[in-house]
Amino acid sequence: MFLRQIEYLQAVIEKGNFYLAAEQCNVSQSAISQQIKKLEDELGVQLLERHNRTFSLTPAGEHFYRKSLIITSDIRQLVRETKRIADNNNAVIRIGYYKGYYGNELSEAISIFSEKYPTVDVQIVTGSHEELYYATENDTVDITLNDQRRAFSDAYNNQILAESRLYIELSSKNTLSRLTHLETDDLKNTPCILVMNQAGQKEEQNYYEKIIGLKGPFLFADNIQEARLKLITGQGYLPVDVIGEQVWFDTAVSRIPLTRNGEPIRKTYCAFWKKDNSGYYIEDFAEILKSCF
């Protein structure tokens, strides 16, 4: 019960009031208040100063709260490790994602999945479109988050997740950043920076050159941070997919919609997994992933 009382206290502090904390913990407001009072009585110290409908932490409460976060994190890790040992470390899900995808949806889905299935070992693979396709074909990846570049196959479960719009990132000092949108032809004399490993560079360049219509010279970066450093120093521009509403705050980098003949350029992002390799964990992760988009 002591651990449950700590979790109630954490919820009250993080939500800022007893009502929302009780809602999160699926108990009544009076129950959560009583349990925190019982915790204080067991400790023999006051953790919260009550002020009508608000509260503040006492110095002892601040110390207890901070240390309690470390303790509960350790306990959850202990539970995960214990269950994994009991499960003989057999449960594994291998998730692949396209290296040009920079969204938060995948990490959010993995977080939810890991909380739900703490004994399942989540393994992550990243690569080019074709690398992930062959990894899925060869059963070295169970499910892939990728943009659609092939016709859907009947051998696969093909779950559409979202439609992205292509934007261009470039230095705010570049005169092109003053435009409200950029046509593909506007960029023909500026290097295009792509984030891709060496094995997938030719494939990625062909896609952006022949399908998207970007004609300038191409540069490559191993990761998004390296790519943005290149564009900030005036070496080129970076095409990025934006899913949902465009939100951008970086003053050093401008993000501008890319168009072709006046029309927005879009991509479709999907989850792919083979029908003959479709287990419970894969299906459930696919549903969690879809809910995050």
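The largest cavity is lined by Y98, G100, Y102, L194, V195, E204, Y208, L238 and P239. Here, a cavity is a set of points on a 1 Å grid over the protein atoms alone where a 1.4 Å probe fits but cannot get out, and lining residues have an atom within 4 Å of a point. Two or more lining residues come from each of β8 (192-195), α7 (201-212) and β10 (238-243); helices (H or I, at least four residues) and strands (E, at least two) are DSSP runs, numbered from the N terminus.

This is a predicted model: local features need pLDDT of at least 70, side-chain atom pairs count only at pLDDT 80 or more, and totals for chains, interfaces and linings use all residues. Residues are numbered from 1 along each chain as its sequence is written, and side-chain values use heavy atoms, with hydrogens and water left out.

The volume of the largest cavity is about 50 Å³, the space filled by probe spheres set on grid points joined across faces, edges and corners.

I turn now to helix α2. Which residues of α2 (residues 18-25) are buried? They are F18, A21 and A22, buried meaning under 20% relative accessible area with a 1.4 Å probe, protein chains only. These residues lie on the same side of α2 because they cover an arc of only 100 degrees around the axis, taken from the directions from the helix axis to the C-beta atoms.

Just after α2, N26 has a positive phi of about 60 degrees. Thank you.

Notes. On a 1 Å grid over the protein atoms alone, a cavity is a set of points where a 1.4 Å probe fits but cannot get out, and a pocket is an open set with protein on both sides within 12 Å along at least five of seven lines; lining residues have an atom within 4 Å of a point. Buried means under 20% relative accessible area, exposed over 50%, partly exposed in between (1.4 Å probe, protein chains only).
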